Amino acid sequence: MCFCDNLAMVAKRQSFGKDTGLQARMLLTLFLLGLLYAVFVGVLFAAGAGASVIVVIAVVLLLMQLFGSDKLAMAAMGVKEVSPEQEPELHGIIDRLCVQADLPKPRVCVIETSVPNACAMGRSQKSASVTATRGILDMLSPAELEGVMAHELSHVINRDVMVMTLASFFASLASMIAQFALFFGGGYGNDEEERDIMIVILVSVVVYVVSFVLLRTLSRYREFAADRGSAVLTGRPSALASALIKISGAIERAPSQDLRRVEGSSAFFIIPPRAKKSLMNLFADHPPLEQRLAALQRLESQLQGVA
Amino acid sequence: MGLRDILTGRHQVKDPAPDRLFAISTAYVGLQSEHQIDPAGSAAIVFQSLATSDFESTLKDMEEVVTATGGDSGTTVSTQEDSYGYRWMILRNPDGTPSVEDLAVGINAVSGSIETAGYGERLLCAVFAFVDAQQRRVYFIYNYKRGYWYPFVPAPGDAQERSTERELQLKAQIGSEMPIEPELERWFPLWGIPI
């Protein structure tokens, strides 16, 4: 009985090391985005009244995106919610992970497609949903599926949908202004106004291009963070690594019609449904598989106590 | 979770909440005398098992500790893995003499040695089995992350259905005697409980 008494003063053991580098890079990316946006807003205000109308429109669009886009995307991809009776194994995995993560249970959905993939949606933990395709349910072992679901739940815990939507707010605004101005710009006013409009268009284009690169960079960091979150949550980094190898192999072999059906909201898929090899790393929203596997391998080494 | 954690996408697995496991060893008295729900003589603790040599040796030490603690009462220990890869350590009282206190002490010894070894974040839950007047299984599940209890009553048959009505009745009956999970959506089911 004396056993119960001597546990109080034990220092917490760390199964996993810190990820200071990743956090620093993520904060730097966010800082650069913020700086860019600050300059952009400054130029808009300097340009005068027309800009404020655009800002109002953009805020409305942002709200629509936050509150409606997941439903739209889900409808477009043929996502349907499944009950525990329909998918007992998937629900069982998520139930346990939610206990482990101390997270309210998200809605659990399935897409009936043979392409193996999974994604998380929803602006908050309360409104979140996680989705798996039929292909991934059939392909992965329970431990691998658990790793993938823990990755998706990590997106929910980290509020990645919210962070990415907010982070891309001004990028959408810049792209809107560039398109809007190209449509209606020119042909009225005096030379000075015309010159101002040209400056706003140019700045918008530059902001759009730079923020695009920064956003993709941020998205890749969020993926690394979710991989890490999955490893921390399940204690099995190598199960997720094994799942990623299986999924990416299958996606490269999968027919392109199916790939196109799920095109369009790839940021929150575990592996983006595209041929990745043609894209430069700078513009990819997911890190290359080799880097993700290497990061998971480092976590496994830390867990085994050899690193 | 602070703003910085959200911005950097960082989160840690929670350690166990302040321990309220022993609430069961007083609450069961009321269950038995007032509601004819008897202890089934078994309990289990569920945790993630890490595939590392350090964790395996922790488990081995732990089994020895529990066997030693249970020596006087005759509590036996067995382990098994479920289909989700979680480890169940099952404690059983000797036949005919169910003792919730002994089980709670044993479960506490297991969770204690897991926490001492620094793996407290791997603890999922503890389950205590009871039998009601109609000979149906009634489980009380202790969520280590939150430090709350909740009842779980699987409906008869193989289908994965639960008798929510019965669970809510149980909450009303003994809610004042033990810390019951206030959020109903966190009464996570646990199918295929081996006790």
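Before the sheet, a definition: two strands are said to pair if DSSP finds at least two bridges between them. Helices (H or I, at least four residues) and strands (E, at least two) are DSSP runs, numbered from the N terminus.

Some housekeeping. This is a predicted model, in which local features need pLDDT of at least 70 and side-chain atom pairs count only at pLDDT 80 or more, while totals for chains, interfaces and linings use all residues. Residues are numbered from 1 along each chain as its sequence is written, and chains are lettered from A and ligands numbered from 1 in the order in which they are written.

Chain B, then. Strand 1, residues 38-48, and strand 3, residues 86-92, of chain B pair in the antiparallel sense over seven bridges. Within strand 3 of chain B, the residue opposite B:I45 is B:M89.

These strands belong to what arrangement? In chain B there is an open sheet of six strands, in the order 2-3-1-4-5-6, with antiparallel pairing. Strand 2 (76-81) and strand 6 (148-152) of chain B are at the edges with a single partner strand each, so one side of each has no neighbour in the sheet. On average, neighbouring strands of this sheet are turned by 20 degrees against each other, direction ignored.

Helix 4 of chain B, residues 100-116, packs on the sheet and touches strand 1, strand 3 and strand 4 (123-131) of chain B. Contact here is between residues whose C-beta atoms, placed from the backbone, lie within 7 Å. The direction of helix 4 of chain B makes about 5 degrees with that of strand 1 of chain B. For angles, axes are lines fitted to C-alpha atoms, for helices over the stretch in contact, and the values run from 0 to 180 degrees between N-to-C directions.

Helix 4 of chain B also meets helix 3 of chain B: their axes come within 9 Å and cross at roughly 155 degrees.

Next, the contact between the chains. Chain B puts in 38 residues and chain A 43 residues. On the side of chain B that touches chain A, helix 1 (3-8), helix 3 (53-69), helix 4 and strand 4 of chain B give two or more residues. Which of them gives the most? Helix 4 of chain B does, with six residues.

Last, chain A, which has eleven helices and four strands. Helix 3 (residues 88-101) and helix 5 (residues 142-157) of chain A pack at about 50 degrees, with axes 10 Å apart. That angle makes helix 3 of chain A oblique to helix 5 of chain A. Residues of this contact include A:I93 and A:L97 of helix 3 of chain A, and A:L145 and A:M149 of helix 5 of chain A.

A:M164 counts as partly exposed because it has 18 C-beta neighbours inside 10 Å; 20 or more other C-beta atoms within 10 Å would be buried, and 12 or fewer exposed, with C-beta atoms placed from the backbone.

Definitions and conventions: Two residues are in contact if their C-beta atoms, placed from the backbone, lie within 7 Å. Angles under 35 degrees count as roughly parallel, over 145 as roughly antiparallel, 65 to 115 as roughly perpendicular and the rest as oblique.
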